[in-house]
Amino acid sequence: MDDSQFEQHIDAVFGDRVRRFQEFIDQLNVQGTNYRNQIKYMLMKGSVRLFVSLDEVRDFDDEFWRGLLNTPVEYLPACERALRDTVLTIYDPNDDRFEPLDDDQQFYIGFKGAFGSHALSPRTISADKLSTMVSVEGIVTRASLVRPKVIRSVHYAEKTARFYAKNYHDNTTSFDAISTPAVYPVEDPDGNKLTPEYGFSTYRDYQKISVQEMPEIAPAGQLPRSVDIILDDDLVDLAKPGDRVQIVGVYRALGGAANNNASFRTVILANAVYPLHVRSTGVAAYEKLTDSDVRNINMLAKEKGIFENLANSLAPSIYGLDYIKKAVLLMLFGGLEKNLQNGSHLRGDINILMIGDPSTAKSQMLRFVLNTASLAIATTGRGSSGVGLTAAVTTDKETGERRLEAGAMVLADRGIVCIDEFDKMSDVDRVAIHEVMEQQTVTIAKAGIHTSLNARCSVIAAANPVFGQYDVHKDPHKNIALPDSLLSRFDLLFVVTDDVDQTKDRIISEHVLRMHRFIAPGLSEGEPVRERTTLSLASGMNDTAEEVEQPVFEKFNSLLHAGVAGRTNTGSTPMIVSISFIKKYIQYAKQRIKPILTKKSSEYIVATYSSLRSSDPSETNKRTAPVTARTLETLIRLATAHAKVRLSKTVEVKDAKVAEELLRFALFKETTKRKLPKRRRTAFYGDEPAAISESESEGEESLPQHYSESEQVAAEEEEEYIEEVVEEMEELVLSGNAPNTLPRDEPLGQVQTNVRGSEERTSLSPERYEVFKKTMLKIMDSELFRNDTASCSRDVIMTAINENLEQEEVFSVLELEAAFSLLVDDNIIMDGEGKIWRV
């Protein structure tokens with residue numbers, strides 16, 4: 001009698017909890033979630049799991065919330081029963097929007113929200129959290145195969161023509177402490193033989209994974225710890241090794257008759273798995289594009305120097321390496337992949353190799369790509385073997401069967417693999433990536449397993465030359481200890497040398513010191529910078545971060561972005577696009593833009609490839625990589641990627657020119673001489689006015705001239721001198737110092753007198769120099785010179801000097817140049833690099 005009353009009491013409590021959770025689901029809260037609509041969406045998608053916010057449960061009933069966290073064994077079954085009852089009331093078999101529903105279908109509840117003290121890591125989880133609901137963050141290190149586990153078996157007795165059913169449960173499939181024996185019944189109670197009916201039996205998917213704590217939060221000098229997670233039904237295969245995940249579940253101890261020891265094995269029975277996209281190694285992060293983002297992307301794409309602006313915005317803290325930044329930008333955009341009808345596969349991914357002296361920011365560039373790309377995996381030459389990069393055959397611990405485990409390149413499918421210390425890799429391991437870099441597949445034929453895996457990824461690698469230092473007096477192939485078969489698979493090979501240049505060394509040292517002086521907002525001087533400054537205790541709640549509008553441009557910081565400022569040389573503040581917006585721009589271009597080659601660009605690419613192949617034999621030993629048929633595909637890929645940067649649907653000649661410029665720099669360290677836009681000629685002394693076109697037409701297919709670095713510097717200095725002369729002549733004409741036309745009856749000698757007169761007027765008188773000096777001293781005491789370097793741009797100073805002067809007292813360009821020279825002679829200022837320094 002007492003036992004029956006006790007069971008009725010338990011059933012009554014269980015029923016009260018079911019009704020209470022049904023009231024929570026049925027409530028119509030304006031601010032909260034409408035869970036009846038969520039259930040409808042769940043039925044339309046054919047899903048079986050409803051995600052419930054613990055914060056809303058706490059607001060609804062504080063006692064129920066505490067019961068869910070502390071004793072989920074008593075509350076979770078009641079919640080799932082309430083969910084199933086609600087689903088059956090909402091489900092309409094005649095509604096075509098709903099997926100067909102099985103009578104024995106089980107429904108589950110996943111939880112999200114703030115867990116407070118129950119948000120743990122594999123190291124901090126302890127025995128006092130047994131049988132409670134916890135939230136655990138970590139990296140998936142191992143995942144077993146997905147196996148079916150029987151839940152209900154059906155048997156048929158031929159003699160009596162009757163069906164028998166048996167339910168199975170253990171510590172991982174239910175909260176019942178007593179497990180049923182995992183033995184099929186052979187006879188019915190009367191001794192008749194039973195035949196299993198596998199079609200009527202019910203099975204559930206089952207998988208076990210191991211989650212290890214994050215390396216950045218592990219204590220110094222200790223190995224990271226891990227915890228086992230049980231995934232079942234719809235949660236299987238949501239995470240693979242290398243993913244950073246957040247898992248919510250019930251922490252349980254597995255006991256049993258076979259366990260004679262006092263210690264028990266513990267697992268977490270998961271009810272929700274949330275991938276962490278932030279700094280994840282195996283989960284591709286997809287940015288949410290809003291309408292304003294799409295508008296900003298299209299507006300930015302119409303800018304004339306979009307390619308240079310985006311390239312300057314990549315890794316602005318790294319000084320120099322302009323061409324490598326452009327190549328990395330094109331690699332992030334990628335070319336166009338093609339699968340031909342005959343089965344051939346033409347890769348669209350761009351591979352880059354950087355070889356150079358130590359301390360030339362090669363690894364920093366890899367680190368930047370790792371944190372910027374949507375999917376990137378990092379590895380090193382010595383830290384990874386050939387099978388670790390491709391795929392390995394291992395033995396499953398539970399079943400003893402042979403199985404495949406994906407390597408770094410297979411996990412980075414549709415992403416980027418960053419390989420540091422590439423030259424330290426052994427030849428046997430390096431051969432394993434040959435197939436991946438061209439065919440983009442991994443073929444395995446070992447241990448009875450024959451299969452082909454996709455590895456469509458870009459490779460960016462960094463290596464040191466032979467003997468550690470690059471010898472400029474030797475040919476490149478003697479410095480690079482890599483075979484041609486591997487070098488030809490890299491689209492671009494950059495040689496980064498650490499040259500001794502006093503000016504460059506001073507600029508770089510100033511830049512590095514500025515970086516060390518930078519203090520992040522919200523931190524005091526000397527305080528260590530934490531990697532995870534914005535730590536959220538909420539699990540699975542990413543909506544708030546997505547609602548914040550991301551800025552298009554980043555505010556210029558003289559300490560962080562000095563490398564960009566040094567490249568502009570105009571005195572104006574450089575335009576730096578924020579990294580978050582660059583990610584959205586790349587995602588938009590890769591998803592929507594599929595450029596096609598035009599006839600003119602194809603002819604230009606063919607002409608470029610022919611000139612590279614038929615180059616001077618003496619230059620063959622000077623190039624860093626062999627020119628093969630793969631080089632032609634490299635030109636196509638680079639041109640296509642540049643068209644994607646412009647959001648253009650066609651590959652034009654200017655895209656091919658950028659591809660050629662990058663390739664020539666990578667092969668020969670040549671830079672392309674760009675023709676200056678021709679100015680409109682002004683008629684001097686009776687010349688007929690003639691208009692010259694602003695720029696050459698894009699369809700012009702003449703190959704540009706190429707120069708070595710020393711020739712390029714001389715050519716640039718000559719161009720700057722010519723441009724200054726042109727500006728001075730225009731200044732003379734516009735200021736009225738020289739006549740525009742010459743009267744027909746005026747003799748030639750008078751013209752020469754006019755020219756000499758104009759030259760005399762441009763010389764600076766002592767009175768004018770005193771006026772200039774007073775004005776300049778005021779400017780030197782103003783805000784313009786109150787910076788770390790006590791300097792200011794020449795153009796800004798020229799504008800400031802003439803700003804408050806009368807029209808007849810304005811200084812001409814030649815007068816300003818003469819005045820600056822006098823100030824330098826008086827040791828008042830220093831002049832150079834387009835800037836004025838205060839002495």
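I took two strands as paired if DSSP finds at least two bridges between them, with strands (E, at least two residues) and helices (H or I, at least four) read as DSSP runs numbered from the N terminus.

**Entry 1: the model.** I noted that this is a predicted model, in which local features need pLDDT of at least 70 and side-chain atom pairs count only at pLDDT 80 or more, while totals for chains, interfaces and linings use all residues. Residues are numbered from 1 along each chain as its sequence is written, and side-chain values use heavy atoms, with hydrogens and water left out.

**Entry 2: the whole protein.** I found 27 helices and 30 strands in the protein. Of its 839 residues, 41% are buried, where buried means under 20% relative accessible area, exposed over 50%, and partly exposed in between (1.4 Å probe, protein chains only). The protein exposes about 45800 Å², of which carbon and sulfur atoms supply 51%; accessible areas come from the Shrake-Rupley method with a 1.4 Å probe, and for residues only the protein chains shown count as cover. Taking contact as heavy atoms within 4.5 Å, I noted that residues 24 or more positions apart account for 71% of the contacts with a separation of 6 or more.

**Entry 3: the sheet of β28, β30 and β29.** I looked up which strands form this open sheet, and read the order of its 3 strands as β28-β30-β29, with antiparallel pairing. β28 and β29 stand at the edges with a single partner strand each, so one side of each is left without a neighbour in the sheet. Neighbouring strands here are turned by 20° against each other on average, direction ignored; axes are lines fitted to C-alpha atoms, for helices over the stretch in contact, and angles run from 0 to 180 degrees between N-to-C directions.

I then went through the pairs. Strand β28 (residues 791–793) pairs with strand β30 (residues 835–838) in the antiparallel sense over 3 bridges, and strand β29 (residues 829–832) pairs with β30, also antiparallel, over 4 bridges. In β30, Trp837 stands opposite Ser791 and also opposite Met830, while Lys835 is the bridge partner of Ser793. The hairpin of β29 and β30 has 2 residues between the strands, and Glu833 takes a positive phi near 55° there.

Two helices lie across these strands. Helix α26 (residues 794–801) lies across β28, β29 and β30 and runs at about 80° to β28, whereas helix α27 (residues 813–825) lies across β29 and β30 and runs at about 125° to β29.

**Entry 4: the hairpin of β19 and β20.** I found strand β19 (residues 441–446) paired with strand β20 (residues 449–454) in the antiparallel sense over 6 bridges, with Thr443 opposite Ser452 in β20. The two strands form a hairpin with 2 residues between them, and Ala447 in the turn has a positive phi of about 55°.

**Entry 5: α7 against α8.** At what angle do helix α7 (residues 306–313) and helix α8 (residues 322–333) pack? I read about 100°, with the axes 9 Å apart. The two helices are therefore roughly perpendicular to each other (65 to 115 degrees; under 35 counts as roughly parallel, over 145 as roughly antiparallel, and the rest as oblique). The contact is made by Phe307, Glu308, Leu310 and Ala311 of α7 and by Lys325, Lys326, Leu329, Leu330 and Phe333 of α8.

Ser313 is also found in α7, and at 1% relative accessibility Ser313 counts as buried. Beyond four places in sequence, Ser313 touches Met575, Ile576, Val577, Ile579 and Ile582.

Entry 6: The buried residues of helix α9 (residues 362–372) include Met365, Leu366, Phe368 and Val369. I noted that the buried residues of α9 pack against α8, β14 (352–356), β15 (376–380), β18 (416–420), β21 (458–463) and α19 (579–592).

Ile297, in helix α6 (residues 291–301), counts as buried at 0% relative accessibility. Ile297 and Ile586 are 289 residues apart in sequence and 9.7 Å apart in space, C-alpha to C-alpha. Not counting residues up to four places away in sequence, Ile297 touches Leu289, Phe581, Lys584, Tyr585, Tyr588 and Leu647.

Leaving aside neighbours within four places in sequence, Lys129 is in contact with Ser117, His118, Leu120, Val134 and Tyr251.
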